[in-house]
Amino acid sequence: MNYKLHCLEAVRDDIGEKRYRTSLIQVIANYYEEAYGGKKVNKSSMLTFINLMLTSRGLEEISYSYVKKLVA
């Protein structure tokens, strides 16, 4: 995951802020789902994890409904 996040950071200016944020969310969500190893994902915990990663990069948090769309 760290390599993918680093690559996204490198192309951030080229792809634009909105696409960067969306791609970042997708990478983090995929990592979280893989970490669960096929078990049912706790959406609330995923939301907290993603929002923590976003705020640490100075980005706006996402809503619970966004996570529901990712997991569905």
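**A walk through the helices and their rings**

The structure holds three aromatic pairs, where rings of Phe, Tyr and Trp (its six-membered ring) count as a pair if their centres lie within 6.5 Å, and planes under 30 degrees apart are called stacked, over 60 edge-to-face and the rest tilted. The rings of tyrosine 32 and tyrosine 36 have centres 5.1 Å apart and planes at 40°, so this pair is tilted.

Before we go on, a word on what you are looking at. This is a predicted model, in which local features need pLDDT of at least 70 and side-chain atom pairs count only at pLDDT 80 or more, while totals for chains, interfaces and linings use all residues. Residues are numbered from 1 along each chain as its sequence is written, and side-chain values use heavy atoms, with hydrogens and water left out.

Tyrosine 32 and tyrosine 36 both lie in helix H3, four residues apart, which is about one turn of the helix. Helices here are DSSP runs (H or I, at least four residues), numbered from the N terminus. Tyrosine 32 is buried, with a relative accessible area of 11%, whereas tyrosine 36 is partly exposed at 26%.

The C-alpha atoms of phenylalanine 49 and tyrosine 32 are separated by 8.3 Å. Helix H4 covers residues 43-56, and phenylalanine 49 within it is partly exposed at 24% relative accessibility. Leaving aside neighbours within four places in sequence, phenylalanine 49 is in contact with Ile28, Tyr31 and Tyr32, where contact means heavy atoms within 4.5 Å. Taken together, ring pairs link Tyr31, Tyr32, Tyr36 and Phe49 into a cluster.

Asparagine 51 lies in H4 and is buried, with a relative accessible area of 9%. Its side chain reaches the backbone nitrogen of isoleucine 62 at 2.7 Å. Beyond its neighbours within four places in sequence, asparagine 51 is in contact with Glu61 and Ile62.

Now follow helix H3, residues 17-36, back to tyrosine 20. Is tyrosine 20 buried or exposed? Tyrosine 20 is buried, with a relative accessible area of 0%. For glutamate 9, 11 residues away along the chain, the C-alpha atom is separated from that of tyrosine 20 by 8.0 Å.

Arginine 12 is found in H2, which spans residues 12-15, and counts as buried at 19% relative accessibility. The side chain of arginine 12 makes a polar contact with the side chain of glutamate 17 at 2.6 Å. A polar contact is a pair of N or O atoms within 3.5 Å; within protein, one must be able to donate a hydrogen and the other to accept it, and residues adjacent in sequence count only if both atoms are side-chain atoms. With neighbours within four places in sequence set aside, arginine 12 is in contact with Glu17, Tyr20, Arg57 and Leu59. Isoleucine 15 touches Leu8 and Tyr20, not counting residues up to four places away in sequence.

Our last stop is the meeting of H3 with helix H5, residues 64-71, where the axes come within 11 Å and cross at roughly 60°. Axes are lines fitted to C-alpha atoms, for helices over the stretch in contact, with angles from 0 to 180 degrees between N-to-C directions. Here Thr22, Ile25, Gln26, Ala29 and Glu33 in H3 meet Tyr66, Leu70 and Val71 in H5. The residues of this contact divide into five nonpolar, two polar and one charged; Ala, Val, Leu, Ile, Met, Phe, Trp, Tyr, Cys and Pro count as nonpolar, Asp, Glu, Lys and Arg as charged, and the others, Gly among them, as polar.

How values were computed:
Helices (H or I, at least four residues) and strands (E, at least two) are DSSP runs, numbered from the N terminus. Buried means under 20% relative accessible area, exposed over 50%, partly exposed in between (1.4 Å probe, protein chains only).
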